[in-house]
Amino acid sequence: MPDCGHCLQETNPYTYTSGHWLHRDREQRDARYIGFDFDQLRKKVIGLYRNANKVTSCHKHEGGFNRVFVFTLDHTQRVVARLPTHIAGPPELTTNSEVATIEYLQSNTAVPIPKILDWSDDRSNPIGSEYIIMEHAKGVQLHQRWPTMDSVQKIQCIKAIGMKIQQIAALNFPAYGSLYSATVKVKSPLNLPLTPGFCIGPSCKTRPNRGPWSDLQAYCDGLVDTGISRIPPQGTSPRTSSELITTHVDLLSYGRKILHKLASDARVIAAAPPTLHHADLNKRNIFVLDDDPTVIADIIDWQSSSIEPAFEYADETPDFAALPEPELLDAEISDAARDPKPHEEIAELCHAAYEACLQGMVPKIAGARNVDKNLLRPFRYSHRTWVDGAVVLRQELIETAAHWNELGLPSPCPYPIPTAEALSDHQQEYKDLLAAHKLKRQIMEVLDIPSDGWVPSEAWAATKDMYKQVFETSVHAVNNKDEDDDDLDEEKLRKMWPFDIPNDV
């Protein structure tokens with residue numbers, strides 16, 4: 001029998017072990033449990049190579065939606081097996097679409113992507129899980145190499161990335177949706193034939209109305225239908241009161257009317273050509289040559305990459321081009337009084353280089369970035385009202401209605417401006433929302449954590465202690481502030497606290 005060698009002696013292959021969350025930690029980790037037959041996966045990997053007899057080592061890596069195993073075989077070949085968790089997306093569609101997207105790009109562009117060796121979207125297979133097995137990416141992660149690169153190398157690397165984006169964005173599609181192999185039967189009667197061997201089918205993102213959508217009007221219905229589907233039944237939680245549900249439904253009804261009006265505008269249509277783009281183009285998913293990091297060796301993780309209106313990508317800035325967040329300690333110091341730090345200067349250069357690449361190489365996305373943002377505001381949150389709160393979409397609709405005439409849109413605006421009393425209540429809600437977002441950014445900065453509150457396992461104990469101190473300090477501050485200060489008290493602080501209260505973590 002083939003031998004597993006030192007495979008995964010250090011950790012459990014089924015459970016999530018890489019970190020914890022400051023919000024619903026147990027629920028988050030349980031959602032990433034994958035029940036499957038690890039021995040069958042190992043045998044499948046070995047069987048892909050005639051001269052392989054055993055696995056000499058295996059290491060587990062975990063992302064938000066997948067578990068990755070890097071196998072080293074006895075003839076030194078490294079192979080990657082990736083299994084999606086059940087929160088990665090719709091069963092079958094997610095794996096099908098990722099495989100088809102990779103194969104379509106390999107057939108129609110020169111974008112470097114590791115070769116797929118085997119895959120399955122059928123959980124009843126001997127492994128007991130959907131999976132994709134691929135060759136290991138060449139080179140090293142840009143995330144690892146980035147700190148040692150000088151500014152010239154970084155800018156050259158961004159230009160090289162821009163040339164890959166250019167090839168992908170230059171592909172033309174007749175509809176919005178996700179890519180599939182024409183030989184794979186996905187559950188949709190609406191599949192649209194593409195080039196030989198491929199088709200556009202339902203969105204691999206979790207929508208009840210998954211398309212594909214042949215025009216922008218239909219795509220807008222998909223957004224709103226998603227928003228409606230996320231509203232839970234009345235009484236299932238303290239949040240699901242009849243009044244709150246009605247508020248969301250009414251807002252989404254107005255949102256649908258607004259989106260249909262905007263989707264008929266020539267400027268919006270021009271900013272919405274069906275465009276394929278990488279769903280998570282960050283430094284961890286880009287591999288470069290170790291001895292020349294300006295050369296892109298491979299790009300990985302095409303899960304959930306889909307064909308969307310170009311404006312959906314217009315506001316996205318990958319981490320290698322992101323501007324640094326203002327430092328909290330410098331918040332009260334004017335720009336004129338503070339000299340930019342070297343890393344800030346380099347970040348600004350990288351940001352400018354990325355912008356220049358888009359403007360010069362990717363006209364679809366560049367054109368969408370140049371459109372008046374007021375024309376695109378309602379598209380941002382129509383599918384997320386239950387996640388972000390009704391106040392977010394209401395603010396977008398109010399802003400759009402306020403600029404309706406000056407935008408040259410046909411009267412009347414479908415969304416009526418709220419009464420003075422209702423507008424005053426909304427403004428207070430929106431003020432509280434902004435305060436909550438500011439609080440969250442401050443906590444993220446102090447604890448050095450991402451927006452979902454994830455903490456690596458090795459830092460969990462220390463971060464929990466610091467987190468408790470941050471909460472206690474915040475409570476003390478609001479309970480001892482001057483009466484003339486803002487209206488934030490302990491009750492409101494607890495209500496807007498973005499993660500679990502420390503005693504519950």
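Helices H13 and H14 lie oblique to each other, and this predicted model may be toured from that pair.

**First stop: two packed helices**

Select residues 420–447 for helix H13, then residues 460–479 for helix H14. Two packed helices are described by the angle between their axes and the distance between the axes. Here the angle is about 140° and the axes are 11 Å apart. Angles over 145 degrees would count as roughly antiparallel; the pair H13 and H14 is therefore oblique. The crossing of H13 and H14 is right-handed.

Next, display the side chains where the helices touch. On H13, select Ile443, Val446 and Leu447; on H14, select Thr463, Met466, Tyr467 and Val470. How many residues of this contact are nonpolar, polar and charged? Six are nonpolar, one is polar and none is charged.

**Second stop: a sheet of three strands**

Proceed to the open sheet, whose strands follow the order S8-S13-S14 with antiparallel pairing. Strands of a sheet pair through backbone hydrogen bonds, either parallel or antiparallel. Select 140–141 for strand S8 and 296–299 for strand S14: these stand at the edges. Each has a single partner strand, so one side of each is left without a neighbour in the sheet.

Terms used: Residues numbered from 1 in each chain as written. Predicted model: local features only at pLDDT ≥ 70, side-chain atom pairs only at ≥ 80, totals over all residues. Heavy atoms only, no water. Axes fitted to C-alpha atoms, helices over the stretch in contact; angles between N-to-C directions. Helix = DSSP H or I, 4+ residues; strand = E, 2+ residues; numbered from the N terminus. Parallel < 35°, antiparallel > 145°, perpendicular 65-115°, else oblique. Left-handed = near helix turned anticlockwise from the far one by under 90°. Contact = heavy atoms within 4.5 Å. Nonpolar A, V, L, I, M, F, W, Y, C, P; charged D, E, K, R; others polar. Pairing = 2+ DSSP bridges.
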